[in-house]
Amino acid sequence: TSKNNNSSTNSKTVPGYTKLYPPFPSFVCNGTIQLDEIHTLYYEEYSTITKNQTMTSPPNSETVALFLHGGPGASSNPNHARFFNPKKYTRIILYDQRGCGKSTPKGEIRQNTLGHLVTDIEILRQHLNISHWDVILGGSWGVTLALSYTQCFPNNVGSLVLRGIFCLRPEEIYWLFGKDMNIGGGEGGTASFLFPMQWKPFEDAVSPKVDSVVDLKEKEQSAIKSWDGKNKEEEKNKDHGWDVLHAYYDRLLGDDPIVRLNAAKSWFTWEMGVYSNSSSLSPSSSLQASRDQRNDSALNSTANITDTSTTIASYPLLSYKKDHGWSIEGGGEINKAGNKSEMYTTDKINSIINSLRKWSKTSFLDRQSQSPQQIASQNSAPLKIRQIRPIISNATQKTSNETGVAEKKWQEFIPAQAMLTCFYSVNALYMIENFSLFTSPPAEKKELQTMFRSIPCIAIQGGNDLICPPDTVFDLHQIWPEMEVRIPLHSGHSMYDDAITSEIIKATDWFADGTNRKRV
């Protein structure tokens, strides 16, 4: 795809879409912060004013934005600064989280937890002499981090823009990396059920090679017979849905670079397969994967900005505002009224919401009636950080000569995103233990929760997002009804999807006006 065909930068933009702002010539300053004896954090600052002006500006005269990248394990990119109007935001801060991008050491899991990442944001704020963040924009994993930071430091956040809502819950992780144990037996709640042909090579890449299914069953039965009755019963009742994810954990976080390389290749093939299907209904679906994952630099051409005063989208969009309730905006078959916002009955809205849910057909409030033990028993990850087990010899693993990669390259290759995503996914309950919004807060946290919910927030979610399905945004809305929700129904996961980009920029433009933010 040529650079000139990127619809986010093409002057022939569909009316109602808002495009990225022009690229900055360069950052005004960058640097590193030594976080501890292991980790060094890399950051960049973008602005239309000089570094000296930035450092001498009175704090209250600034409008400061922070971008939180996804992953875990991805990195920041200069294009991320283009989601903010350079005429309205005086300082735009990008940085690479622990183990990511230009932060070092790459892929490091020691002293790398959600708590560490939250503290790092506060260290960065103080290092840059920033009084507070006027706007925090987080996407996908960046949503988890944004919400966690805001819980700890609500007085330092003026507003939130969240894209592709993800909260590190076990059921969200199981959706993408869990094996549907009822494949062929009815409706499944995992991506493996939706895409069995793509899942099979993902699973096979970490499964021991056996002569036949009968041979495998015989080996399993032989092993079970050698245990006592208690272990037999535990094995019988064990949920094997997590086995594939745990097998990748051993390979990605082991010390064999060949095994790590092959596991990373299979991991990215699976994620990109789901990601591509996630974009299949978007107006510019053929561009999404290359834009978001592989060719971010292709967006660095100068862009003309469309009129941002448009309030009604030209794409079908499900929206919620506390004062107006749910409605459908925009064009498309779903709204016969054309470009007028249409109010729907509660039953109709619930029907649309349930049709968008992927892994849960019941609301979070309905599921809350279950006991914590029942919830924890459903697709739950280990509660403690897993020890790295020895790499298992696997007959399907390739040798170094078969990888097609020069020896030096595969020895040095660190697939940080696969490694850290796997690490956080396996240890999800441990990581999110003190940050989950979906558990009832203790009495001493009620005041903090009230303060948190007073922060203006716009959540933007692709209706066809198969990486972070819409289930979570609906669940989050149920416990945070003040949050505005914007769901372009035909969009996927990419922040560069035309409708998603448009909604993000409209949101950051809205919060650029200080009267729309919380006073901090």
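## Reading the model

Author: A search of the whole structure finds zero disulfides. Keep in mind that this is a predicted model.

Reader: Is Cys457 buried or exposed?

Author: A residue counts as buried under 20% relative accessible area and as exposed over 50%, with partly exposed in between. Cys457 has a relative accessible area of 4%, so it is buried. Cys152 has 40% relative accessibility and therefore counts as partly exposed.

Reader: What share of the residues of the protein chain count as buried?

Author: The protein chain has 520 residues, and 54% of them count as buried. The chain exposes about 23500 Å², of which carbon and sulfur atoms supply 51%.

Reader: How many helices and strands does the protein chain have?

Author: Its secondary structure comes to 20 helices and 11 strands. Contacts can also be sorted by how far apart the partners are in sequence. Among contacts between residues at least 6 apart in sequence, 74% join residues at least 24 apart.

Reader: Which residues does Asp120 touch, leaving out those up to four places away in sequence?

Author: A contact means heavy atoms within 4.5 Å. With those neighbours in sequence left out, Asp120 touches Leu35, Leu41 and Arg98. Asp120 itself lies in helix H2, residues 114–127. Its relative accessibility is 2%, so Asp120 counts as buried.

Reader: At what angle do the axes of helix H9 and helix H10 cross?

Author: The axes of H9 (residues 243–252) and H10 (residues 257–278) cross at roughly 140° and come within 8 Å. Angles over 145 degrees would count as roughly antiparallel, and 65 to 115 as roughly perpendicular. H9 and H10 are therefore oblique to each other.

Reader: Which residues make the contact?

Author: H9 contributes Leu245, Tyr248, Arg251 and Leu252. From H10 come Val259, Arg260, Ala263, Ala264, Ser266 and Trp267. By class, the contact of H9 with H10 has seven nonpolar, one polar and two charged residues.

Reader: What should I look for in the backbone?

Author: Start with the general rule: most residues other than glycine have a negative phi, and most peptide bonds are trans. Then look for departures from it.

Reader: Where is the cis peptide bond with Pro72, and in which loop is Pro72 placed?

Author: A cis peptide bond joins Gly71 and Pro72, with omega about -5°. Pro72 is in the loop between strand E3 (64–68) and strand E4 (91–96). Another cis peptide bond joins Thr104 and Pro105, and its omega is about -5°. Pro105 lies in the loop between E4 and H2.

Reader: What is the phi of Gln111?

Author: Gln111 is not a glycine, but has a positive phi of about 50°. Gln111 lies in the loop between E4 and H2. With a relative accessible area of 30%, Gln111 is partly exposed.

Reader: And what is the phi of Leu168?

Author: Leu168, not a glycine, has a positive phi of about 60°. The loop that holds Leu168 runs between strand E6 (160–163) and helix H4 (170–177). Leu168 is at 1% relative accessibility, so it counts as buried.

Conventions: Residues are numbered from 1 along each chain as its sequence is written. This is a predicted model: local features need pLDDT of at least 70, side-chain atom pairs count only at pLDDT 80 or more; totals for chains, interfaces and linings use all residues. Side-chain values use heavy atoms; hydrogens and water are left out. Helices (H or I, at least four residues) and strands (E, at least two) are DSSP runs, numbered from the N terminus. Buried means under 20% relative accessible area, exposed over 50%, partly exposed in between (1.4 Å probe, protein chains only). Accessible areas come from the Shrake-Rupley method with a 1.4 Å probe; for residues, only the protein chains shown count as cover. Axes are lines fitted to C-alpha atoms, for helices over the stretch in contact, and angles run from 0 to 180 degrees between N-to-C directions. Angles under 35 degrees count as roughly parallel, over 145 as roughly antiparallel, 65 to 115 as roughly perpendicular and the rest as oblique. Ala, Val, Leu, Ile, Met, Phe, Trp, Tyr, Cys and Pro count as nonpolar, Asp, Glu, Lys and Arg as charged, and the others, Gly among them, as polar. A disulfide is a pair of cysteine sulfur atoms within 2.5 Å.
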